[in-house]
Amino acid sequence: IEQFEAQFMIGLGDFLMYTAVGGAAQLVDGALGMTYGVTSASMLMGLGMPPVLASASVHYAETLTIGASGLSHLWARNVRRDLFLALVIPGAISVLIGSQLLMHLSTHWVHIALIPYLFVISLILLLRTFNYHTSYRSDVPRITKALGFVAGFVDAIGGGGWSAITVTTLVARGMEPRYVIGSVHLAKGIVSALASISFLLSVGAGKPGVVAGLITGGIVAAPFGALLVRRLPARIATLLAGLAVLAVNVRSVIMLLC
């Protein structure tokens, strides 16, 4: 990892590229509640970065980008306090466990295990858009705490997945997308901060240039994502979320087969 860090230098053009990627990923993530971590981590690992360093870099960036997005959602009144607390406490515990286990585990089998789960969730979301209703459940599903724990663990070892797991499952359970996305993002900001501390103590700061590019683009785009999800019809948000998860899943299958 230390040898890779010494070689992974970026120029101004690359910095602007990471800024654009971070901004685009955050805009989509803020509106749909997912894909920032998965997209960023996949890109970094595609460039040859070790999984542990890629996950660390993404979480360093997410501490500010997702934190800014979460605060934007709080300002836009997209956050439910009970849902936020049900997610953030177990998620904080599991992300610390996962970040330490990543030093010793291969993430290959974890990615394989997630494919059928996310595929089923994407189909549920897509089917909901054809048989849609405008009433939502007011209670927090019982599985939310367990969901937060699993999502935190997967997010730590895979560099992403928190939002894909939590948002899709909670929306499929009948919760309003606006409040799901806002609450998930605010919780994710805290979870990412704890993961960043754990990674910082274990693998160091990584490459500041890469992280700075992702942060710059993400912070600029965060308020626009929060405003977009507030104005986006829930049926459209659900459809786009289902398509986003399906696309990520198809990409994962292709990468495994190639």
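1. Among contacts in the protein between residues at least 6 apart in sequence, 88% link residues that are at least 24 apart. The model is a predicted one, and the points below should be read with that in mind.

2. The overall make-up is simple to state. The protein contains 11 helices and zero strands, and along the sequence the pattern reads α-α-α-α-α-α-α-α-α-α-α. Of its 258 residues, 52% count as buried.

3. The largest nonpolar core has 38 residues. Within this core, the residues with the most contacts are Leu 87, Trp 162, Leu 170, Val 180, Val 184 and Phe 199. Two or more core residues come from each of α2 (12–32), α4 (51–75), α5 (81–101), α7 (144–158), α8, α9 and α10 (208–231). Helix α9 supplies the largest share, nine residues. The next points follow three of these helices, α5, α8 and α9.

4. How enclosed is helix α8? Because 10 of its 11 residues are buried, α8 is largely enclosed by the rest of the structure. The buried residues are Trp 162, Ser 163, Ala 164, Ile 165, Thr 166, Val 167, Thr 168, Thr 169, Leu 170 and Val 171. Just after this helix, Gly 174 has a positive phi of about 100°.

5. Helix α8 spans residues 162–172 and helix α9 spans residues 177–203. Two packed helices are described by the angle between their axes and the distance between the axes. For α8 and α9 the angle is about 150° and the axes are 10 Å apart. An angle over 145 degrees counts as roughly antiparallel, and α8 and α9 are therefore roughly antiparallel to each other. Their crossing is right-handed.

6. Which residues make the contact between α8 and α9? On the α8 side they are Trp 162, Ser 163, Thr 166, Val 167, Leu 170 and Val 171. On the α9 side they are Pro 177, Val 180, Ile 181, Val 184, Ala 187, Lys 188 and Val 191. Sorted by class, the contact of α8 with α9 has 10 nonpolar, two polar and one charged residues. An α-helix has 3.6 residues a turn, so residues three or four places apart point the same way. That spacing can be followed in α8 through Trp 162, Thr 166 and Leu 170, and in α9 through Val 180, Val 184, Lys 188 and Val 191.

7. Val 184 is worth a look of its own. Setting aside its neighbours within four places in sequence, Val 184 is in contact with Leu 87, Trp 162, Ser 163, Thr 166, Val 167 and Leu 170. Leu 87 is a residue of α5, whereas Trp 162, Ser 163, Thr 166, Val 167 and Leu 170 belong to α8.

8. Helix α5 packs with α9 as well. The axes of α5 and α9 come within 9 Å and cross at roughly 25°. Angles under 35 degrees count as roughly parallel, and α5 and α9 are therefore roughly parallel to each other. This crossing is right-handed. By class, the contact of α5 with α9 has 17 nonpolar, six polar and no charged residues.

9. Helices α5 and α8 complete the set of pairs described here. Their axes lie 13 Å apart at an angle of about 145°, and the crossing is right-handed. Leu 83, Leu 87 and Gly 91 in α5 meet Trp 162, Thr 166 and Leu 170 in α8. The contact of α5 with α8 divides into four nonpolar, two polar and no charged residues.

10. Two residue pairs show positions separated along the chain. His 73 lies in helix α4 and is buried, with a relative accessible area of 0%. Ile 93 lies in helix α5 and, at 47% relative accessibility, counts as partly exposed. The C-alpha atoms of Ile 93 and Ala 195, 102 residues apart along the chain, are separated by 9.7 Å.

11. Where is Arg 77 found? Arg 77 is in the loop between α4 and α5. With a relative accessibility of 64%, Arg 77 counts as exposed. Most residues other than glycine have a negative phi. Arg 77 is not glycine, and its phi is positive, near 65°.

Technical notes: Residues are numbered from 1 along each chain as its sequence is written. This is a predicted model: local features need pLDDT of at least 70, side-chain atom pairs count only at pLDDT 80 or more; totals for chains, interfaces and linings use all residues. Side-chain values use heavy atoms; hydrogens and water are left out. Axes are lines fitted to C-alpha atoms, for helices over the stretch in contact, and angles run from 0 to 180 degrees between N-to-C directions. Helices (H or I, at least four residues) and strands (E, at least two) are DSSP runs, numbered from the N terminus. Angles under 35 degrees count as roughly parallel, over 145 as roughly antiparallel, 65 to 115 as roughly perpendicular and the rest as oblique. A crossing is left-handed if the near helix is turned anticlockwise from the far one by less than a right angle, and right-handed if clockwise. Contact means heavy atoms within 4.5 Å. Ala, Val, Leu, Ile, Met, Phe, Trp, Tyr, Cys and Pro count as nonpolar, Asp, Glu, Lys and Arg as charged, and the others, Gly among them, as polar. Buried means under 20% relative accessible area, exposed over 50%, partly exposed in between (1.4 Å probe, protein chains only). A nonpolar core is a set of buried Ala, Val, Leu, Ile, Met, Phe, Trp, Tyr and Cys residues joined through side-chain atoms within 4.5 Å.
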